[in-house]
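Keep the selection tool at hand.

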Amino acid sequence: MSKFFGYLLTPVFYFFFGLMLCIFHPIQWICFKLFGYKAHKVSVDVLNFFLTYCQLFLLNSISFKNDFNLPTDRPIIFAANHQSMYDIPSLIWFLRKYHAKFISKIELTKGIPSISINLRLGGGANINRKDNKQAISEIIKLGRRMKDNNWSTVIFPEGTRAKDGRVKTFQFGGVATLLKVVPNALVVPVAIENSWKIVRFGMFPLTVGNAIKWTVLKPIEPSEKTAEEITLEIETEIRKLLGQN
């Protein structure tokens, strides 16, 4: 039944999702060129609000839970499992007050309305996966921006999307590199549930009636732990919430 309604509603979803990307592309450019970073960030936040709630066209519910009073005067490394491309707009929107940045493939900085311009102007790290030296250099630069501006970064330690929702083994490299530059950063796990179901049949049809959830888990103070220990703790806590121990 979900697949049947997906055939009907997916074109509606894609129309409005694409429309938002096209509308906000020039808005982002104008905000940045005329008013700078702060105005550009507001435009990106509003865009990702609309992208997040486009899920309503698929009858998918959106739930974000954060029971912790996270600081805004300290950098944060948010570490999440990764299930689909639809994880990202919601993380940008729900974590907006923490100025969350992303580590993205450099190929995405061209050709995609709104997304490419945000990757170029938004302050994240755009890495070449075939050039390890360039990738590390970009992540270090991101860490410095986090340190200077009290920004945060969202990383996906799995390294790729878990298309069946099963959490893959977390790699500690991203956490380790960022903590070397920003040793005072708080590390915060985020568990993502059910976004993989949206694309279980691929790009078409998308599925409907999914309860998509983002849950912020207990923050981790990194001062007396290694990057390996921190990453294992993140993975363990996310698996526990998802019932994948």
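Predicted model: local features only at pLDDT ≥ 70, side-chain atom pairs only at ≥ 80, totals over all residues.

Residues are numbered from 1 along each chain as its sequence is written, and side-chain values use heavy atoms, with hydrogens and water left out.

**Stop 1: α5 and α6**

Select residues 132-149, helix α5, and residues 173-181, helix α6. Helices (H or I, at least four residues) and strands (E, at least two) are DSSP runs, numbered from the N terminus. The axes of α5 and α6 lie 8 Å apart, at an angle of about 50°. Axes are lines fitted to C-alpha atoms, for helices over the stretch in contact, and angles run from 0 to 180 degrees between N-to-C directions. The pair α5 and α6 is therefore oblique. Angles under 35 degrees count as roughly parallel, over 145 as roughly antiparallel, 65 to 115 as roughly perpendicular and the rest as oblique.

Now show side chains. From α5, pick Ile139, Ile140, Gly143, Arg144, Met146 and Lys147; from α6, pick Thr177, Leu178 and Val181. These residues make the contact (heavy atoms within 4.5 Å).

**Stop 2: α6 and α8**

Select Val175, Ala176 and Leu179 of α6; they meet Ala227, Ile230 and Thr231 of α8.

**Stop 3: the cavity**

How many cavities of 30 Å³ or more does the structure hold? There is 1. On a 1 Å grid over the protein atoms alone, a cavity is a set of points where a 1.4 Å probe fits but cannot get out; lining residues have an atom within 4 Å of a point. The largest cavity has a volume of about 40 Å³, the volume being the space filled by probe spheres set on the points, with grid points joined across faces, edges and corners. Select its lining: Leu51, Thr52, Gln55, Tyr86, Pro89, Ser90, Ile198, Ile212 and Trp214. The elements α2 (37-53), α3 (87-94) and β7 (211-216) each give two or more residues to this lining.

**Stop 4: two backbone details**

Go to Phe204 and Pro205, joined by a cis peptide bond with omega of about -5°. Pro205 sits in the loop between α7 (195-198) and β7.

Finish at Asn150, in the loop between α5 and β5 (152-155). Asn150 is not a glycine, yet has a positive phi of about 55°.

Note on methods
1 Å grid on protein atoms, 1.4 Å probe; cavity = no way out; pocket = protein on both sides within 12 Å on 5 of 7 lines; lining within 4 Å.
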